[in-house]
Amino acid sequence: MSEAQLYNFLTGGLGLLIALMTLVAWHLWRMREEARAGRLSALEGVSHEMRINLQRMVSELSQVAGNPGVGPDVLLPIRHPQLDGVNSSLISANRNGIAVVGSTYQELEARKLGLRAVLAQGREPGTALDDAMDAAINGIAALYMWEVHKGMKPAEAPSTRSWAVRDWMKAQGFRCDVFPGMHLRDEVVERLRLYGLTLTPRPLTHTAHEYYSMQYDRYADRRGPLGQRRVRPDETPAEDEAAEPAPKRRGLFGGFGGGKKQAAEAETPAEAEGERLPDFDLSPAEPPPRPPRPEPLAADPAPEPADVPASPPPNGDEPPRGSA
């Protein structure tokens, strides 16, 4: 085999190997996508199956509530093959949500069987009908958590607007007046709030008149900015204050350096031997009286000016002074 044939063989083998690896990778990717699509389809099938069962049960309960003489044949048994298939297969899904859906189906079946027994006996379906309606409300709440929040726990789900829940029910075909004397959408919202889902806005606790009529004391409110109202201690007489021991003085940093000084002040050698120190008058002495301030001497009176003779008039016998 020549060198050129060897190079052709290696080039062809490498190309064939690359094509084979590309084909294997494409098949693996396709199998993965098909498994993912099948898993999503199975989970959507569980949601669709539960929605159909709930809509049918709500319709049946509406007929029982509207027609008192209806028989037990109106209530059909509940079947859930999609849920059974998901439980039997190894599908990667939220098993917590699937368990909630399974328990919801058990409650629906139990309430429907109890209502069928009451209708078969010809009795008034009062309490049994109310229990079946309550189970239907729980089922709608579980379906909402499964579809919208992917089976999360209500406490872990993000905050949601209550009108978003009502819009979802409206899109799914759940009418608000399907049960007589009950607003179905409001009941589902309150049930979700009861389970721990954060829904906004929160319900009002006071009317406008009650809220603005409230007397708020900012001093008595412990959670307010000023805290609880402070109670001033009663003034005690001076004798009681004198009888109380003086508080101990501490050092600079919570006691360091102050203990030795307190011990020295508390106990002296004379007191340790049982002797009593003489009492000294440590009150400050009164200062000596100041000498009287001398009064200032009176000033001498100014001398009076001497009398000067008046000069004769210029037209007299005697010539004026200074003339020749």
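## A tour by selection

Begin by selecting P201, which is placed in the loop between β2 (199–200) and α7 (208–212). The model shown is a predicted one. Display the backbone here: T200 and P201 are joined by a cis peptide bond, with omega at about -5°.

Next, select K150, in the loop between α4 and β1 (160–161). K150 is not a glycine, yet its phi is positive, about 55°. Is K150 buried or exposed? Its relative accessibility is 60%, so K150 counts as exposed.

**Helix α3**

Now select residues 95–120, which form helix α3. Its 26 residues should span 38 Å at 1.5 Å a residue, and the end C-alpha atoms lie 37 Å apart, which agrees. At the start of the helix, look for N94: one of its side-chain oxygens comes to within 3.2 Å of the backbone nitrogen of N96. After the helix comes G122, with a positive phi near 80°.

Colour the buried residues of α3, among them G97, I98, V101, Y105, L108 and L115. Which elements cover them? The cover includes α1, α2 (81–88) and α4.

One of the buried residues of α3 is K112. Its relative accessible area is 5%, and K112 is therefore classed as buried, the limit being under 20%. Show its surroundings: apart from neighbours within four places in sequence, K112 is in contact with M57, E60, L75, L76 and I78. The side chains of K112 and E60 are joined by a polar contact of 3.0 Å.

**Pairs of opposite charge**

Side chains of opposite charge can pair when their charged atoms come close.

Select E147 and R51, which form a salt bridge whose closest N and O atoms are 2.5 Å apart. This pair links distant parts of the chain, since E147 belongs to helix α4 and R51 to helix α1, 96 residues apart. Both E147 and R51 are buried. Keep E147 selected and show W168: their side chains make a polar contact of 3.3 Å. Not counting residues up to four places away in sequence, E147 touches S47, R51, W168 and Q172.

Move on to D131 and R111, a salt bridge with its closest N and O atoms 3.8 Å apart. D131 lies in helix α4 and R111 in helix α3, so this pair ties together parts 20 residues apart in sequence. D131 counts as partly exposed at 30% relative accessibility, and R111 counts as partly exposed at 36%.

Then select D134 and R191, whose side chains meet in a salt bridge of 2.8 Å, N to O. Here D134 in helix α4 is linked with R191 in helix α6 (residues 184–195), 57 residues apart. D134 is partly exposed, with a relative accessible area of 32%, whereas R191 counts as buried at 12%.

**A patch on the surface**

For the last stop, switch to a surface display and select L14, L17, L20, M21, V24, L28 and M31. Together these residues form a nonpolar patch with about 710 Å² of accessible area. M31 is placed in helix α1 (residues 3–66). With a relative accessible area of 55%, M31 is exposed.

Definitions and conventions: Residues numbered from 1 in each chain as written. Predicted model: local features only at pLDDT ≥ 70, side-chain atom pairs only at ≥ 80, totals over all residues. Heavy atoms only, no water. Polar contact = N/O pair within 3.5 Å; in protein donor to acceptor, adjacent residues only side chain to side chain. Contact = heavy atoms within 4.5 Å. Helix = DSSP H or I, 4+ residues; strand = E, 2+ residues; numbered from the N terminus. Buried < 20%, exposed > 50% of the residue type's maximum accessible area, 1.4 Å probe, protein only. Patch = residues over 30% accessible without salt bridge, like charges linked within 9 Å, V, L, I, M, F, W, Y side chains within 5 Å. Areas by Shrake-Rupley, 256 points an atom, 1.4 Å probe, with all protein chains shown as cover. Salt bridge = Lys/Arg side-chain N within 4 Å of Asp/Glu carboxyl O. Expected span 1.5 Å × (residues − 1).
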